[in-house]
Each structure stands twice: as C-alpha cells, then as structure tokens.
Amino acid sequence: MALETVLIQSCGGLVCGVDEAGRGPWAGPVAAGAVILHHDDLPEGIDDSKALTADHREILEIEIKARALAWGVGFASVEEIAELNILHATGLAMCRAIEAMAVQPAAALVDGNYRFKLPCDVQTVVGGDGLSLSIAAASILAKTARDRLMIELDAEYPGYGFAGHKGYNAPVHQEALRTLGPCPAHRRGWAPIRALLEET
C-alpha cells in the first residue's frame with residue numbers, strides 16, 4: 001500500500017485503485033473495477049487477477065467487496081467500443097466504476113501509462129497490478145464481473161464458446177465465427193473479425 005499512502009498524503013483524501021479487463025477480446029464489453037481498500041483490513045492473497053485461478057478470484061472478490069471502504073464495477077458495451085474506440089471505451093468503463101462507488105475518491109491509481117480523464121485526480125502506474133494492492137483488487141473485480149457476463153452471453157449466443165475463452169482469440173472461437181458468423185456480442189470492427197469473415 002506504499003503507492004496509496006504517498007498519494008493519500010499528497011491529495012488529502014481517499015485513493016482508489018482502477019484497472020480494466022477485456023480490452024483485447026474479439027467479443028463482449030470492456031469492464032473496469034475501482035476499489036478503495038481499508039488499510040487496516042486488507043484481504044490476504046490479493047494479486048494481479050491474471051496470476052490467480054478463477055476460483056481464487058471469486059473468493060477474493062467476495063472478500064474485497066466485504067472489506068473495502070468502497071468498490072465499483074463499470075462496463076462499456078460493444079456498441080460503445082465501436083463508437084468511441086477501445087481506449088476511450090475503457091476510460092468510460094473506468095468512469096462508471098468510480099461513479100458506482102458509495103464513497104468517491106480524491107485520486108485514483110490507474111494501471112498502465114495512459115492518463116484517462118476520470119472523476120478524480122489520476123496517477124498512472126505501469127505494471128500497477130503487481131505494485132499496488134488497490135489496483136490488483138480492482139483487476140479482480142473487473143475480471144470476475146466480465147467473466148460472469150461472458151458466461152451469460154454464452155447462454156444467449158450458444159456455439160461460440162464464450163463461457164470458456166471469454167471472447168478472446170481461440171481455435172474454437174475462430175471455427176465458430178467461420179461457421180456461424182458474428183453475433184451481436186462480437187466487435188465487428190476489429191481487424192481479426194473482419195479478416196475471418198473475408199475468408200468465408
């Protein structure tokens with residue numbers, strides 16, 4: 001929590017960690033999480049969501065939501081990704097995650113090097129999900145929320161395997177696109193989707 005402590009001292013208020021999930025997939029929304037951790041009540045085992053198993057993420061999600069001072073999750077839809085581009089749609093999801101929190105932060109630690117325009121001051125942290133517990137906690141909330149939504153989309157649009165690959169590039173996903181074509185959950189403007197469709 002060293003980065004959080006320094007930023008709290010400089011901004012004079014609460015600090016949240018912010019991270020996203022789902023910038024790279026071919027289908028589904030982009031998600032973002034925002035978390036203000038309680039310095040004296042930190043869940044054990046928080047790490048970058050990509051370093052954790054799905055079961056461990058789900059356990060930590062419950063712990064984070066129960067013990068954090070505040071948390072929020074936001075999404076930007078496939079339509080918003082197409083309209084805004086993935087970078088700006090990610091910023092929109094982050095804004096929604098912060099706005100969904102019961103307590104608003106004075107500043108945010110954001111994973112990466114892009115300074116998104118958010119409802120509070122922003123400090124970027126390259127590799128932040130490995131350096132900040134708040135960012136790592138936010139990555140867990142974003143990932144678990146998006147994974148659940150992709151499982152729901154798998155039931156709505158069967159045949160693509162969304163529940164397994166979560167919309168990312170996978171051989172079964174490529175084959176389904178060739179066989180079934182894209183569904184409304186696909187990011188049709190993305191070059192890999194267009195290229196696969198041109199093959200058919």
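Predicted model: local features only at pLDDT ≥ 70, side-chain atom pairs only at ≥ 80, totals over all residues.
**Entry 1**

I began with the strands and found an open sheet of five, in the order β3-β2-β1-β4-β5, with mixed pairing. At the edges I noted β3 (70–76) and β5, each of which pairs on one side only.

Next I looked at β1 (residues 15–21) and β2, which run antiparallel and are joined by five bridges. Which residue of β2 stands opposite Asp19? I found Gly33 there.

**Entry 1: helices on the sheet**

I then turned to the helices. Helix α1 (residues 2–11) packs on the sheet and touches β1, β4 (107–111) and β5. Its direction makes about 145° with that of β4. I checked α5 as well: this helix packs on the sheet and touches β1, β2, β3, β4 and β5. The direction of α5 makes about 40° with that of β1.

**Entry 2: salt bridges**

The side chains of Asp41 and Arg67 meet at 2.8 Å, N to O. Asp41 lies in the loop between β2 (30–36) and α2 (54–67), while Arg67 belongs to helix α2, so this pair ties together parts 26 residues apart in sequence. Both came out as partly exposed: Asp41 has 28% relative accessibility, and Arg67 has 25%.

My next pair was Lys50 and Asp129, a salt bridge of 3.4 Å, N to O. Lys50 sits in the loop between β2 and α2 and Asp129 in the loop between β5 (121–125) and α5 (133–156), so the pair ties together parts 79 residues apart in sequence.

The last pair I took down was Asp147 and Arg57, whose side chains meet in a salt bridge of 3.7 Å, N to O. Here two helices are linked, with Asp147 in α5 and Arg57 in α2, 90 residues apart. I call Asp147 buried because its relative accessibility is 11%, under the 20% cut-off. Arg57 is buried too, at 9%.

Finally, I looked for shared partners. Salt bridges of that kind join Asp41, Glu63 and Arg67 into one network.

Notes. Residues numbered from 1 in each chain as written. Heavy atoms only, no water. Salt bridge = Lys/Arg side-chain N within 4 Å of Asp/Glu carboxyl O. Helix = DSSP H or I, 4+ residues; strand = E, 2+ residues; numbered from the N terminus. Buried < 20%, exposed > 50% of the residue type's maximum accessible area, 1.4 Å probe, protein only. Pairing = 2+ DSSP bridges. Contact = heavy atoms within 4.5 Å. Axes fitted to C-alpha atoms, helices over the stretch in contact; angles between N-to-C directions.
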